[in-house]
Amino acid sequence: ARRMVTNMTKISTPDLSEKFKQLRQTAKLSQTEIAELFSIPKGTYAHWEQGLVAPPIYVYNMMSAIINKSVTDDMKKNEIMTSIKKAVAAEGGEDDG
């Protein structure tokens, strides 16, 4: 029998969840947009930001490296999304358009 989790408690460190939020804000993206770019379920990404689920640290490091390499302050949101999508594809991810 499966057990449903009805009361989620924070298991991630506040620092890590805040880092995910800052990273997303650096990229000027919504949770949905960043999740789609990295092929992560939106709910999973939201839980990382809320500190409800702790991802492996390499996930943050990979996302941080790609976003920081892809984003400059003067870029518009659509330019950032295109740049990140290209970087993800270059790292071995799929680029479907």
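Mentor: One cut-off before we start: buried means under 20% relative accessible area. Also, this is a predicted model.
Trainee: Fine. Is tryptophan 48 buried or exposed, then?
Mentor: Tryptophan 48 has a relative accessible area of 8%, so it counts as buried under the 20% limit.
Trainee: And what about tyrosine 45, buried or exposed?
Mentor: Buried, because its relative accessibility is 0%.
Trainee: Where do tyrosine 45 and tryptophan 48 lie?
Mentor: Both are in helix 3 (residues 42-50), three residues apart, which is about one turn of the helix.
Trainee: Switching to counts. How many aromatic pairs are there?
Mentor: Four. One of them joins phenylalanine 20 and tyrosine 60, edge-to-face, at 5.3 Å centre to centre with 75 degrees between the planes.
Trainee: Which parts does that pair tie together?
Mentor: Phenylalanine 20 is in helix 1 and tyrosine 60 in helix 4 (residues 57-70), so the pair bridges parts 40 residues apart in sequence. Phenylalanine 20 and tyrosine 60 are both buried.
Trainee: Back to tyrosine 45 and tryptophan 48: why is that pair edge-to-face?
Mentor: Because their planes are at 65 degrees, with the ring centres 6.0 Å apart, and over 60 degrees counts as edge-to-face.
Trainee: Which residues do the ring pairs link into a cluster?
Mentor: Phe20, Tyr45, Trp48 and Tyr60.
Trainee: Last topic, confidence. What is the mean pLDDT of the chain?
Mentor: The mean is 84, and 82% of the residues reach 70 or more.

Terms used. Residues numbered from 1 in each chain as written. Predicted model: local features only at pLDDT ≥ 70, side-chain atom pairs only at ≥ 80, totals over all residues. Heavy atoms only, no water. pLDDT = per-residue confidence, 0-100. Phe/Tyr/Trp six-rings, centres within 6.5 Å; stacked < 30°, edge-to-face > 60°. Helix = DSSP H or I, 4+ residues; strand = E, 2+ residues; numbered from the N terminus. Buried < 20%, exposed > 50% of the residue type's maximum accessible area, 1.4 Å probe, protein only.
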